[in-house]
Amino acid sequence: MEAKRKIAILGSTGSIGRQTLDILAEYPHLFSPYLLTANTQAELLAEQAIKYGAKHVIIADESRYDLLKSMLAGRDIVIEAGAKAICDAMHIPAIDIVVTAMVGYSGLEPTINAIKANKTIALANKETLVVAGELIYKLLEQSASKIYPVDSEHGAIFQCLVGEDHDAISKLILTASGGPFRTKSLEELQYVTKADALQHPNWDMGAKITIDSATMMNKGFEVIEARWLFDVTPDQIEVVVHPQSIIHSMVEFKDSSVKAQLGLPDMHLPIRYALGFPKRLESNCDRMRVTDYSNLTFETPDYNKFPLLGLAFDSMRRAGNIPCILNAANEIAVAAFLNEKIRFVDIARIVENTINNISYIVHPSYSDYVNTNKIAREYAASLIK
Ligand code: MG
């Protein structure tokens with residue numbers, strides 16, 4: 001019998017983290033949770049560690065360390081706190097697979113460490129590739145590490161590409177649900193509320209990514225993510241709106257054939273595939289009945305209504321530190337929108353303004369990314385009053 005693979009989940013208390021724990025519990029003979037980390041949710045982290053039998057927990061927010069420690073008193077679990085502890089833990093030899101499910105820029109440094117430690121990575125933190133795709137790509141070339149996508153679109157493309165030569169790819173077609181505001185007019189978008197934006201029609205996700213879906217920034221990030229994951233040029237990526245979220249993405253090949261991957265909109269599916277790869281894991285989950293979906297539709301995205309999608313394409317083409325600025329400004333603007341400090345349409349305005357006012361660096365080093373992230377956040381925050 002094969003040894004169980006030991007899993008680290010970075011961000012185990014978030015939506016993807018919790019669904020990853022479901023998958024580990026579905027296949028206890030294949031996987032065991034080794035390390036769980038969370039940003040601030042110490043109580044849930046402690047409950048998860050006990051329930052799933054983790055050996056090691058880390059809370060990023062150091063002010064929650066004492067609480068976590070008291071909740072796990074008397075148990076044989078290593079307890080640490082702080083962002084550095086998470087990065088250091090990536091080098092623990094026992095860990096086989098790292099699931100990066102934390103939100104935003106905070107995913108970058110642990111992912112770099114996991115690559116340097118030659119770990120297999122199930123990547124859910126798309127911001128890592130948005131911010132520093134070029135750097136990650138170079139590090140991967142010098143490492144035995146592999147990245148398997150957990151995002152549903154990239155999981156779909158990954159499945160379509162099994163057994164295909166890279167040079168057979170003509171283009172990647174990412175599908176987008178269009179979010180909750182697909183049918184709203186530009187005028188109506190001026191008045192949408194936080195509650196409106198948090199109502200995603202198909203997917204149940206964390207707050208940050210749900211807002212990114214409403215602005216279509218999420219799809220823009222996924223375009224940049226796809227460019228690096230699948231090593232294609234910006235011109236080889238297209239976005240199509242597909243409101244039913246049944247086709248998760250497609251690949252067109254040079255002979256004009258198009259492959260698609262279909263399934264119910266359920267993140268357990270791409271998580272299961274990434275963790276099981278190259279095998280498919282048997283599951284009793286709900287099946288899609290194709291006859292329930294006799295009306296799959298497709299439309300061109302509206303770049304006027306969703307300017308962040310176009311801005312993401314521009315940022316990808318300009319490259320350098322621009323996508324890092326895009327991400328940083330978006331994180332600040334989305335947080336301000338969730339705190340009801342700005343309107344929905346202000347998110348794009350703040351992001352665009354920040355990109356236009358931070359120095360462009362064509363070939364950024366790691367420290368350039370760190371500095372760009374810092375000053376872009378400060379600049380974006382200065383636009384919010
Ligand atoms: Mg996605």
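Guide: A word on terms: helices (H or I, at least four residues) and strands (E, at least two) are DSSP runs, numbered from the N terminus. This is a predicted model, where local features need pLDDT of at least 70, side-chain atom pairs count only at pLDDT 80 or more, and totals for chains, interfaces and linings use all residues. Residues are numbered from 1 along each chain as its sequence is written, and side-chain values use heavy atoms, with hydrogens and water left out.
Visitor: Where does Glu-340 sit?
Guide: Glu-340 is in the loop between helix 14 (322–338) and helix 15 (346–357). Its phi is positive, about 60 degrees, although Glu-340 is not a glycine.
Visitor: Is Glu-340 buried or exposed?
Guide: Glu-340 counts as exposed, at 61% relative accessibility. Buried means under 20% relative accessible area, exposed over 50%, and partly exposed in between (1.4 Å probe, protein chains only).
Visitor: And what about Asn-118?
Guide: Asn-118 also has a positive phi, near 60 degrees. Asn-118 lies in the loop between helix 5 and strand 6, and is partly exposed at 41% relative accessible area.
Visitor: Which strands does strand 6 pair with?
Guide: Strand 6 (residues 120–123) pairs in the parallel sense with strand 5 (residues 97–100) over 4 bridges. The chain gets from strand 5 to strand 6 through helix 5 (residues 108–116), in a right-handed β-α-β crossover. Right-handed means that, with the strands pointing away from the viewer, the path from the first strand over the helix to the second runs clockwise. Strand 6 also runs parallel to strand 7 (residues 146–149), joined by 4 bridges. That crossover goes through helix 6 (residues 127–141) and is right-handed. Two strands count as paired if DSSP finds at least two bridges between them.
Visitor: Changing topic, which residues hold the magnesium ion's protein donors?
Guide: They are Asp-151 (OD), Glu-153 (OE) and Glu-222 (OE), lying 2.1 to 2.2 Å from the magnesium ion. Donors are N, O and S atoms within 2.8 Å of the metal (3.2 Å for Na, K and Ca); water is not among the atoms, so sites may look incomplete.
Visitor: How far apart in the chain are Asp-151 and Glu-222?
Guide: They are 71 residues apart, with Asp-151 in the loop between strand 7 and helix 7 (152–161) and Glu-222 in helix 11 (residues 217–229). Asp-151 and Glu-222 are both buried.
Visitor: What is the peptide bond from Phe-277 to Pro-278 like?
Guide: That bond is cis, with omega near 5 degrees. Pro-278 lies in the loop between helix 12 (268–276) and helix 13 (307–318).
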